[in-house]
Number of protein chains: 4
Amino acid sequence: MPIREIELEGHIIDSGVLPKVFNTILDKGGDFEVLEFDIGKRKKDKSYARLRVEGDDETHLDKIISQIHRQGARLPEIEEVDLKEAKSDQTPPRNFYTTTNHKTWIRYNDIWKKVKKIEMDCAIVLEDGEAYCKPINEIKKGNKVVVGENGIRVVPPERPREKSVFEFMGSHVSPEKPSETIIQQLAEKMKEIKEKGGKIGFVLGPAVIHTGCAEEVAELVKNGFIDVLLGGNAIAAHDIERAMYGTSLGINLEKVEPETKGHRNHLYAISEVMRSGSIKEAIEDGKIKEGIMYECIQNDVEYVLAGSIRDDGPLPKVITDTQKAQHKMRKAVRGVDLMIMMATTLHSIATGNILPSYVKTVCVDISQSTVTELTDRGSAQAMGIVTDVGTFIPMLNDKLFN
Amino acid sequence: MPIREIELEGHIIDSGVLPKVFNTILDKGGDFEVLEFDIGKRKKDKSYARLRVEGDDETHLDKIISQIHRQGARLPEIEEVDLKEAKSDQTPPRNFYTTTNHKTWIRYNDIWKKVKKIEMDCAIVLEDGEAYCKPINEIKKGNKVVVGENGIRVVPPERPREKSVFEFMGSHVSPEKPSETIIQQLAEKMKEIKEKGGKIGFVLGPAVIHTGCAEEVAELVKNGFIDVLLGGNAIAAHDIERAMYGTSLGINLEKVEPETKGHRNHLYAISEVMRSGSIKEAIEDGKIKEGIMYECIQNDVEYVLAGSIRDDGPLPKVITDTQKAQHKMRKAVRGVDLMIMMATTLHSIATGNILPSYVKTVCVDISQSTVTELTDRGSAQAMGIVTDVGTFIPMLNDKLFN
Amino acid sequence: MPIREIELEGHIIDSGVLPKVFNTILDKGGDFEVLEFDIGKRKKDKSYARLRVEGDDETHLDKIISQIHRQGARLPEIEEVDLKEAKSDQTPPRNFYTTTNHKTWIRYNDIWKKVKKIEMDCAIVLEDGEAYCKPINEIKKGNKVVVGENGIRVVPPERPREKSVFEFMGSHVSPEKPSETIIQQLAEKMKEIKEKGGKIGFVLGPAVIHTGCAEEVAELVKNGFIDVLLGGNAIAAHDIERAMYGTSLGINLEKVEPETKGHRNHLYAISEVMRSGSIKEAIEDGKIKEGIMYECIQNDVEYVLAGSIRDDGPLPKVITDTQKAQHKMRKAVRGVDLMIMMATTLHSIATGNILPSYVKTVCVDISQSTVTELTDRGSAQAMGIVTDVGTFIPMLNDKLFN
Amino acid sequence: MPIREIELEGHIIDSGVLPKVFNTILDKGGDFEVLEFDIGKRKKDKSYARLRVEGDDETHLDKIISQIHRQGARLPEIEEVDLKEAKSDQTPPRNFYTTTNHKTWIRYNDIWKKVKKIEMDCAIVLEDGEAYCKPINEIKKGNKVVVGENGIRVVPPERPREKSVFEFMGSHVSPEKPSETIIQQLAEKMKEIKEKGGKIGFVLGPAVIHTGCAEEVAELVKNGFIDVLLGGNAIAAHDIERAMYGTSLGINLEKVEPETKGHRNHLYAISEVMRSGSIKEAIEDGKIKEGIMYECIQNDVEYVLAGSIRDDGPLPKVITDTQKAQHKMRKAVRGVDLMIMMATTLHSIATGNILPSYVKTVCVDISQSTVTELTDRGSAQAMGIVTDVGTFIPMLNDKLFN
C-alpha cells in the first residue's frame, strides 16, 4: 500500500487542525502512523506532528493527501510549485489548483511566496515573480497557473491564545444569547478598530430601511464607523425614497401605516435620481437631503451598489453587470478589518466568498438558518448574531455614541 | 333541493363576515340567493343581509349552515336552544355544540343569554339559569349541555371604525417593519390601558432571561405594567439562577461567556428554593434579592407557573398537573385587556386557546412561523412582531419610562 | 368637504374587493356613502356598487381615490387617459402612472385598450395605438407615457366560482398540510395544463441538485413538463458538476459523503464548459451526458440563466447583466400558465415581479417565511407549499409518471 | 500558583476531547504544561496525555478542573467518591455532583462502579452498593448523594473508527442534503437494528397526522419498526379523529379541504373515547378501526402520552402530571438503540434530556433551528434531518418495505 509523509505545525490541537486531519483520514478509509509528535508543552508553544499516511492505492492516497493538504498538512520534502500556461482566456489548465480562503504560500525558485489577494475557489497565477489569486474568468491566455498541489502551503487561522467574544459567539449560533451585552462588545471592538486606524465594512440589505434604521446608519457613516458600504439597488432606492418621501416601500416609517400613493414612491424616487443623472447630482439638485447615501457621498465613503435581477430601475451607478460588480467589491474589501453583514443573504454570501479567512466578520440577521450559513466558514473569525436589525442598530448606536 | 334562510347584521363587509360566508358557500359547493340586502350607507351604519342558502340535500345544507353559523350567520326564526343532560362526568352528550372564541349568546326561555367565560373548543352548560362555557373535562354528570345549533348566536369581533396599529400590524406578519415605531406605539397602548385601570398580562419564555432582560422585566413588574404573569418552570428557574449566580444556563450574562461550574447553577438554584420550601421563603431567607419572581412576590403580582415534561426540578409551586395549570391560567386571564406573549410557543398557544377573540394579543418572537401561527386567530385583535426579545424589551422599557 | 363618486363591479364581495375598498377608506380616515348597491342575487351574478367617497380636502381625497382605484374602483364618468411625452431616455414624466400586476385597460380615443405585457411597478406607454407596460429603464425619449389616474381601469382577478386547491392552499401557508395529497393535486393540475396545450415554467435553485433531484428534474424536462426553465449559474453549474463527477458542491450524492478533491469539481465543471465554449458544445464534446441542462438542450427547452454576484465562473451563456437577464426572463415567461418556483428566493422574487396576477404560481420552499413572502401577491392564484424539495420532487414525479 | 495534574485517555484527538480541554483552559485564562503525551500511533491505538493545569488561585483552578472533568479529564490519583446524606426529600446536599449524559463511573470501596440510568442534570445516589442517576425531585431523605468531583470518571462517546452516516450528517445541519439517499441510509440502519434484535423509539408530534402520514406510521408499528412511542394528547387525538372521521383538525386529508362541521371532529373524537372509557375500550367498541394508536394497542407496543397545557380533553390515559409522565418516559426509553424524533419540539427535547449520550438519535423537522437545537448534544450520535415529515415518512416506508 502506498504511503506518504506529511507534517503539521502550530497550535494544531486547539485550533482543530490535527483532529480534522485525523478525521479526514478516518472518513476516507485511510490509515496513518504517527512518526513524530512534539506537543507544545505550554500554551504559547507550538506543536509539531509528522505522520505517515497510507491509502489503498495511489489514487486513494492522493485523494486523502489533497484534502488534508487544504486543512494545513504539508509535505516535508520541499518541492517547487508546478506551473502551466493557460491556452486561452478564462480557461486555466486542467488540474489547476483551486484555492481555499486561508493564507497560502507557493514555493518558487526556492523561495516561499505569499499568494496575494487570497480568496476561495480561485486559481493562483504567477506574474512578474509574484503570486496572485485570480477568479477563473480573469485568467488570460499565457498566464502561468499553479497546477497540482506540490510546493503549496496553506495556513488556516489559529485560535487566538486569548479569549474573545468572537470565539465564544462563533462557536454556536442561537437567538438565545444576551443581546445587549453582545452589542456592547461589538461596539467596543468597532471603537478599538477605529482607534487603531483600521477599516470597517458594512454589507446592508433594504430591511435596514424598512425596519426604520436609515437615520441610525447615516449616523454611523457620518461618525466614521463605516469605511466601505456594499449593497444593492434596493438599499439605495429605499434610503432615497425615505429621504424624499418619508416612506419605505410606501409605508410611512413614523406612523407605521401605508402612505397613500406610497406604492409609487419607490419608483418615483428612482425616477427623480435618473432625471438628475446620478445620486450625487440629485443631492446637488437638493432632492436628497439626508440618509445613508447622502452621508456616504458627503463623507467620501466608498460604496458599491451591485445589481440583481430583482431590481426596479435600477438607480444610475448600480453596476448591472454582476462580474464587474464582483470585481469592484473585491477592490473595495481590501484592507477591511471587520466586515459587518446585515439583513441580506445575497450580498453577504457574495462578500463572504471574496474575503480571506483571517478577516473578522459579523453576520446579523433575524433568520437563524441564514446566520448559520453565513458564519459556517471554517474559521473562528466569523460571529453570528440572530436578532432584529430594527432594534439592533439603534442599540449599537447607543453603545457607540453614549 | 333543501333551502334555509339566514341573516347577517353589523359591519359585515369590512369586518369580512359577508365575504367569508359567501366563500364558505362557494367552497362547499352550495348555492345562495340574496333575499334582502341593506347596506350601511355611512361608515358608522350597520348592514343587514338575508340570504336563502341551498344545499344538495339535508346533510349537505346542514354542513354549510353549521359552518357559516360559526362565522356569524343566524337563523331568522327565533328558536330556543336545545339542552341535553350529560350522563356521566367529562362526557357531554353526543352532538354537543362546540364553541368558537367569539362572543356567544343562547336563547333560553325567550331571552338571549350571554355565554360566560367564552373560549374555543368547549361546550356550553346551563347552570342556575346562566350559560357557561366549559372544557369537556369539567362537564359533570347531570349538567345541561347545549346540543345542535338552534338558538345560538355567534358575534365575531368587528373591525374598529377607527384605525389602530393592531389593524395594520395584524394584517401581515413580517420582520421587515419599523421596529422602533411599533414599540413606541405598543408602549403608548400599554400606558393607555394602565391609565384606564386596565389589566396587562405577560406570557414569558426563558429566552427572556437568556437574552439578558431579567432586570428590564423586573422593572416592568415593579412599575405596574404586568398584572398577570404566565410561564413555566424554566422562566422562574433561570430568573432565580440569574438572581443568585448572575448566570443563565451557566452563561455569565455580563461577560457573555460560560461561567465555570455554571452548568450546575440552574439545578443549584432550584435546589436552594426547594431547601427553603418555596420562592417566597427563599426570598425571606435572603437567597433571592432581585429579578422577575422577586418583584412579582414583592408586588403581589399574580403568576401561574405551569409544568411541562421538559422541566428540571421543578421549583415548588410549579403546577405539574397540566389540567390544574390550565384551570389556574383560565382564572388568571379573566379581565386581561392586553396579553403580551414572548418567546414561548407552548405557553403562548395554551394562553391563546383560553382567551376570547376580543382580547387584544401581541405575540413577540424571533421566528416568523411561530408568530404567524400565534396571530392567526381569525381576529383583528392579534398583532405579531417578529423581533429579538433581547433588544425589544430594553427598547420597550426605554419608551415606557423615558 | 370634497367628494367623488366611484363604482365597483363583479364578484366584489367574495373576491374581497369591496371589503378592501371599505377598509382603505376607514384606514385613511375618509368617509363614504353607499349610493347604490345591487348585490348579485345568485352565485354566478355580479354585484354593482356606487359609492360617494369623502376626504378632508382635495389632497386627502385624492390619496384615498388613488389607492382604491388600484383595488378595482373606477370613476363612473368616462374620461380619456392623460399622456405626456418622456423628455429623455429612462425618464418617464413626473406623475407617471405606476402599474399593478392586474389586468389593466386605458381609455384612449373613446375605446378601452388592454395594456399588453402587464406587470407591476412599471409605466404604461402608448405606441402605434397600442398600450404597453414598460419598465422605466426601457422608456425612450418621446414615448407617450400615461400620467395620473384618469381613464384607467384595473381589474383584480376574481375568486373562481368553483373550488380548487389553489384557493384553499393559497389562503394560508403552513407546513402542517397533507403533503402527499397536495402533490397529487398539483400533478393533476400539471397534466391538465399539458393536455390543454398549456405552458409550465420552473424557477429552480441549486438546492434541487444538492438535495439529489437532478435526475428527477431531467425526467420532467424529457417528458415535456417543463416548457421554460429560469435559474442562475449555480443550478446549471451544480447540475453539470453532478453529470460530470457525481457530486454536488463536492458531496457524493450516492454515498452522502464528501468526495475527495470534491471541492474542485464545481470549478472544474465550469472550466470544462468554458474550454468547450458553451454547454451545448460541452455536450457535443461528450463531456455532459445527462442532467437537467443536457435534457433542456436535447429537447429544445427554453432556459434563462441569470447572473448574480455570488457566481463562480460563471458558465458561458449565463447573462451577467441583470437588466438584460430581466429582459430575457420577461420574454420567456410570456404565455406560461403555471409557474413553479423552487428553492430560490432571488430568482423566484424576480420572476414573481414580472408575472401578471392571473398567472398561477406555486412556490415550494423549506422556509415558511420565504413561501409567505413569495405567495403574498394579493391574488388567489399563488399557492405556497412548505416542504423539502429533496422529497417533494421524487414524489411529484411518482404521481406524474405512475 | 496552584497546580493540579489531570490525565486523558482514548481517541482523544479525533473525538475532540483533547482540543476541548485545551480550549477550556485557554477560555478560562488558565495555563497548562503537557507532562506526558503518548499519541496512538495507528488509528486503532489509543492516546494518553498527562497535563499539569495551572490556575490563578484555588477557586480559579477548581473552576477549570470542574469543567474539563466533565469533558473526560480525570485526576490520576485515585480517590474515593464523597457522599453526603440528603436531609429531606427532593433536597440533595449542597455541592451535589450534577451529571452529564455521558457514561460515568464512581470510585467506591476501591472499585469503579458504573452509574446506572445516566442522564444529564441529575444527582448520583448510592443505594445498596449500586450507583444510580436520579433527578433531584426523586431524592429521598437519607439518600447518599455524591458531592464534589472526587472519584468520578466521565467518558464521552468516542468517534467510531469507521465512517457512518451519523458522523457526516451530525456534523452540520442543513436542508441542502440529498434527502432520498439519507432516507435510504436511515432505513438500512433501522433494518440492521431490528435484525440484531434492537429497539427503536419514535417521538411524534401531531404534524405527522396533519401532513397525512397516519397510515404510514401505523404501517411502521404493524411491521415492528416502532418499539416505543412517545408523544402527547394531540398526536393520539388527531390520529383517532382521522380514524373516526377522516379529518385532521377538521381538514379532510383526502381532499385537502375543510370538512364541514370538521371543527368538531377533534373534540368529538376525544369525547367518544371518554365515553368508552379508554382508547382500548373505544377499539373494542368498534369506534376505532385503524391508525397509529390502533396498531400500538393491537401489537402491544409501549406508548407514553404525556400531557401539556395545550391539551383539549385530554384523552383518558394521557398522563396529565408532567413529573409522572417524565418518570414513565424514563422507563420507556431504557434499552432503546435508536430514537427518531419528528415534528415536535416539546416532546423531543424532553426525550433528549433523559437519554444517555451514547444512544443514537435522529431528529426530523422542517425547522432548521429546531433541528439544530435538538442535535446539539455534544455527541456524534445525533443526526439532524431538515425535511417535511409529510414526504419523509412515505419515502422512508418505501425504502423499508420495497
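## Helix 6 of chain D

In this predicted model, D:Gly224 adopts a positive phi of about 80°. This residue comes just after helix 6 of chain D.

Helix 6 spans residues 214-222. Its buried residues are D:Ala214, D:Glu216, D:Val217, D:Ala218, D:Leu220 and D:Val221.

Strand 10 of chain C covers residues 152-155, and its side chains alternate. C:Ile152 and C:Val154 point to one face and are buried.

Strand 10 is joined to strand 5 (residues 103-108) of chain C by 4 bridges. The two strands run antiparallel. Which residue stands opposite C:Ile152? It is C:Ile106.

## Chains A and C

Chain A superposes on chain C through a rotation of 180°, with 0.0 Å of shift along the axis. The RMSD is 0.0 Å. The two copies are therefore related as by a two-fold rotation axis.

In chain A, the C-alpha nearest that axis belongs to A:Asp321. The distance is 2.1 Å. Both copies use the same surface: 100% of the contact residues of chain A recur in chain C.

How values were computed:
Residues numbered from 1 in each chain as written. Chains lettered and ligands numbered in written order. Predicted model: local features only at pLDDT ≥ 70, side-chain atom pairs only at ≥ 80, totals over all residues. Buried ≥ 20, exposed ≤ 12 C-beta atoms within 10 Å, placed from the backbone. Pairing = 2+ DSSP bridges. Least-squares fit on C-alpha atoms with pLDDT ≥ 70 in both. Contact = placed C-beta atoms within 7 Å.
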